[in-house]
Amino acid sequence: MSVEVANESGAEIDEARLVALAGHVLGKLGVNPLAELSILVVDEAAMTALHEQWMGEPGPTDVLAFPMDELRPHQARSEEAAPDPALLGDVVLCPSVAAKQAAEAGHSAQAELEMLCTHGILHLLGYDHAEPEEHAEMFGLQGELLESWREVRPKP
């Protein structure tokens, strides 16, 4: 997997850990090892601009996903054929929003960023949570992926 991180937020984050997490998630989902993913880390002003421009919603958000290739939903998990290499797209994270959410949830900002990154990758692969069935599937898979990540990676 090729995973690039661009930190434009000014916040200090563990970029190597996000790259490792993304590789773990993509590997667990059976995504072609030649696939490419970009993770962009931005400040609240940049996230607000993206959120308003692309989602039509005010203020910053925690994560946005911008798929590049047209993938069929859940193509990566298909057992019939391995997916073609692809430029998956961009996951955009906002560490200041993540830090606020982490404090409210009672866990570390790093754990929140890892959850948000996993969530964004799932969106790139066609998962969604608009309907109750989709929500259950996506968040269930997200939980499984994060649990398997915690088993192979020590706490930061």
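1. E44 is partly exposed, as its relative accessibility is 27%; by this scale, buried means under 20% relative accessible area and exposed over 50%, with partly exposed in between (1.4 Å probe, protein chains only). E44 forms a salt bridge with K100, with 2.9 Å between the closest N and O atoms; a salt bridge here requires a side-chain nitrogen of Lys or Arg within 4 Å of a carboxyl oxygen of Asp or Glu. Since E44 belongs to helix α2 and K100 to helix α3 (residues 95-105), the pair ties together parts that are 56 residues apart in sequence. K100 is likewise partly exposed, with a relative accessible area of 46%.

2. The model is predicted, so that local features need pLDDT of at least 70 and side-chain atom pairs count only at pLDDT 80 or more, whereas totals for chains, interfaces and linings use all residues. Residues are numbered from 1 along each chain as its sequence is written, and side-chain values use heavy atoms, with hydrogens and water left out.

3. As to the overall fold, the chain has five helices and four strands, taken as DSSP runs numbered from the N terminus (helices: H or I, at least four residues; strands: E, at least two). Along the sequence these elements follow the pattern β-α-β-α-β-β-α-α-α. The chain has 156 residues, of which 40% count as buried.

4. The structure holds three salt bridges. One of them joins the side chains of R17 and E114, at 2.5 Å from N to O. This pair links distant parts of the chain, R17 being in helix α1 (residues 15-28) and E114 in helix α4, 97 residues apart. R17 counts as buried because its relative accessibility is 9%, and E114 is buried with a relative accessible area of 6%.

5. Another salt bridge brings together the side chains of R150 and E147, at 3.2 Å from N to O. Both residues lie in helix α5, three residues apart, which is about one turn of the helix. E147 is partly exposed, with a relative accessible area of 39%.

6. A negative surface patch is formed by D128, E131, E133, E134 and E137. Patches are made of residues with over 30% relative accessible area and no salt bridge, like charges being joined within 9 Å and nonpolar side chains (Val, Leu, Ile, Met, Phe, Trp, Tyr) within 5 Å.

7. At 35% relative accessibility, D128 counts as partly exposed. From D128 to M138 there are 10 residues in sequence and 6.5 Å in space, C-alpha to C-alpha.

8. How many aromatic pairs does a search of the whole structure find? The search finds one. The ring centres of W54 and F66 are 6.0 Å apart and the planes stand at 75 degrees, so the pair is edge-to-face. Here rings of Phe, Tyr and Trp (its six-membered ring) pair if their centres lie within 6.5 Å, and planes under 30 degrees apart count as stacked, over 60 as edge-to-face and the rest as tilted. The pair links distant parts of the chain, with W54 in helix α2 (residues 44-55) and F66 in strand β3 (residues 63-67), 12 residues apart. W54 is exposed, with a relative accessible area of 52%.

Methods:
Accessible areas come from the Shrake-Rupley method with a 1.4 Å probe; for residues, only the protein chains shown count as cover. Lys and Arg count as positive and Asp and Glu as negative; His and the chain ends are not counted. The place of a charge is taken as NZ of Lys, CZ of Arg, CG of Asp or CD of Glu.
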